[in-house]
Amino acid sequence: MAIHILPPQLANQIAAGEVVERPASIIKELVENSIDAGARRIDIDIEQGGCKLIRIRDDGSGIHKEELALALARHATSKISTLDDLEAIISLGFRGEALASISSVSRLTLTSKPAEQAEAWQVYAEGRDMSPVIKPASHPAGTTVEVLDIFYNTPARRRFLKTEKTEFSHIDEVVRRIALAYPNVAFNLQHNGKLVKQYRAADTEQMIEKRVASICGINFMQKAIKLSWQHDDLSIHGWVAPNALQEQLQYFYVNGRVVKDRLLNHALKQAFLETCKSSVYSTDETLSYVIYLDLDPHQVDVNVHPAKHEVRFHEARLVHDFVYQAMIMALNTQKNQALPQND
Ligand code: ADP
Ligand code: MG
């Protein structure tokens with residue numbers, strides 16, 4: 001075969017392999033877009049574990065009529081324009097791939113109205129048809145993305161979809177993760193017409209703790225040690241529970257993005273080892289935690305993995321020691337509080 005450039009549809013379907021694994025990954029991408037658009041309320045409706053329908057509605061900034069069709073194109077993004085922007089990234093998205101990928105393997109409708117635009121507009125992109133048509137629609141300020149029939153045109157991938165129950169549990173986990181990261185955003189998750197999860201917007205410390213407890217369980221909150229420290233432009237807060245819980249919860253957020261990282265686990269464990277040599281904590285226990293680390297975006301590379309599950313710290317040692325110190329302090333504070341008061 002002679003060398004040739006792949007048609008855009010096929011190129012998008014190949015790219016979709018990296019980010020669209022199952023309904024839950026579509027929900028992750030769409031909810032992240034809503035967060036990036038500054039939404040305060042996000043409604044997620046799904047049918048049949050998301051395989052039949054996913055509908056995400058937000059009250060965010062919306063997309064202008066002139067940009068609707070463009071939003072579906074590959075490498076189309078409003079979030080960066082230069083490498084410098086990428087290095088200072090604070091939004092969750094930047095690759096401009098999600099809508100193009102999702103619409104290449106489903107029937108996608110995007111409806112949007114920026115607050116300042118008089119009417120809403122809608123664009124419909126069905127898998128094989130790459131030239132989307134736009135038409136007027138009715139919609140309040142914000143955006144709705146509707147995704148029907150995932151993988152209808154890629155049967156080989158459709159076969160990998162699991163039962164409704166399994167797909168739902170992946171979706172539930174994605175929503176839990178993001179609801180933990182953005183307590184000030186309200187989330188409603190509806191499955192087959194029934195409201196199954198509701199996270200109300202939390203703006204006080206108490207309400208935030210309530211949300212964490214509703215996601216991680218009262219048991220976790222009761223056992224957890226609270227962590228909170230800031231130094232220069234590094235800041236950390238969250239909860240760490242040492243004792244074996246029934247299920248292991250590990251949520252680590254870097255600048256609002258959930259990531260997998262061994263550095264954190266290592267730093268926390270070392271602090272436990274150091275502080276609790278002879279105490280109640282046995283060292284081979286796994287830790288459960290919800291930790292939020294915020295740092296200068298220049299200090300972390302998020303463009304490591306297409307699904308952005310990993311990050312690289314430029315000064316990994318420094319971050320490690322910072323987390324370690326924060327945990328040591330939290331443990332010492334806890335120890336002192338546990339001692340009987342002499343007065
Ligand atoms: P990325 O998020 O990497 O920019 P996407 O393909 O996910 O790429 O989205 C493309 C563009 O469409 C975004 O940059 C944004 O401008 C716009 N967009 C997508 N979803 C929304 C939304 N819910 N609200 C407002 N704008 C959106
Ligand atoms: Mg995106």
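This note goes through a predicted model, point by point.

1. Confidence. The structure is a prediction, and its chain has a mean pLDDT of 91. Of the residues in the chain, 94% reach a pLDDT of 70 or more. The scores for the model are ipTM 0.99 and pTM 0.94.

2. Domains. The chain is divided into two parts, domain 1 (8-199) and domain 2 (218-338). Taken over C-alpha atoms, the centres of domain 1 and domain 2 are separated by 31 Å. Where the two domains touch, domain 1 contributes 11 residues and domain 2 contributes 13 residues.

3. The domain 1 side of this contact. Three helices each supply at least two residues here: helix 1 (8-19), helix 4 (83-87) and helix 7 (164-181). Helix 7 gives the most, with three residues. By class, the side of domain 1 that touches domain 2 has eight nonpolar and three charged residues, and no polar ones.

4. The nonpolar core. The largest nonpolar core holds 82 residues. At least three of its residues come from domain 1 (8-199), and at least three from domain 2 (218-338). The residues with the most contacts inside this core are Ile27, Ile44, Val240, Leu268, Tyr289, Val323 and Met327.

5. Val323. Which residues are in contact with Val323, leaving aside its neighbours within four places in sequence? They are Ile236, Leu264, Ala267 and Leu268. Leu268 is, like Val323, among the residues with the most contacts inside the largest nonpolar core.

6. Ligand 1. There are 23 residues around ligand 1. Those that come nearest are Asn33, Ala37, Thr77, Gly93 and Ala98. The shell around ligand 1 divides into 10 polar, eight nonpolar and five charged residues.

7. Thr109. This residue lies in strand 3, which covers residues 107-113. Is Thr109 buried or partly exposed? Thr109 counts as partly exposed because it has 19 C-beta neighbours inside 10 Å, whereas a buried residue needs 20 or more.

8. Surroundings of Thr109. Not counting residues up to four places away in sequence, Thr109 touches Gln122, Tyr124 and Glu146. Thr109 and Thr144 are 35 residues apart in sequence, and the distance between them in space is 8.1 Å, C-alpha to C-alpha.

Key. Residues numbered from 1 in each chain as written. Chains lettered and ligands numbered in written order. Predicted model: local features only at pLDDT ≥ 70, side-chain atom pairs only at ≥ 80, totals over all residues. Core = buried A, V, L, I, M, F, W, Y, C linked by C-beta atoms within 7 Å. Buried ≥ 20, exposed ≤ 12 C-beta atoms within 10 Å, placed from the backbone. Domains from an automatic or database assignment. Contact = placed C-beta atoms within 7 Å. Near = placed C-beta within 6 Å. Nonpolar A, V, L, I, M, F, W, Y, C, P; charged D, E, K, R; others polar. Helix = DSSP H or I, 4+ residues; strand = E, 2+ residues; numbered from the N terminus. pLDDT = per-residue confidence, 0-100.
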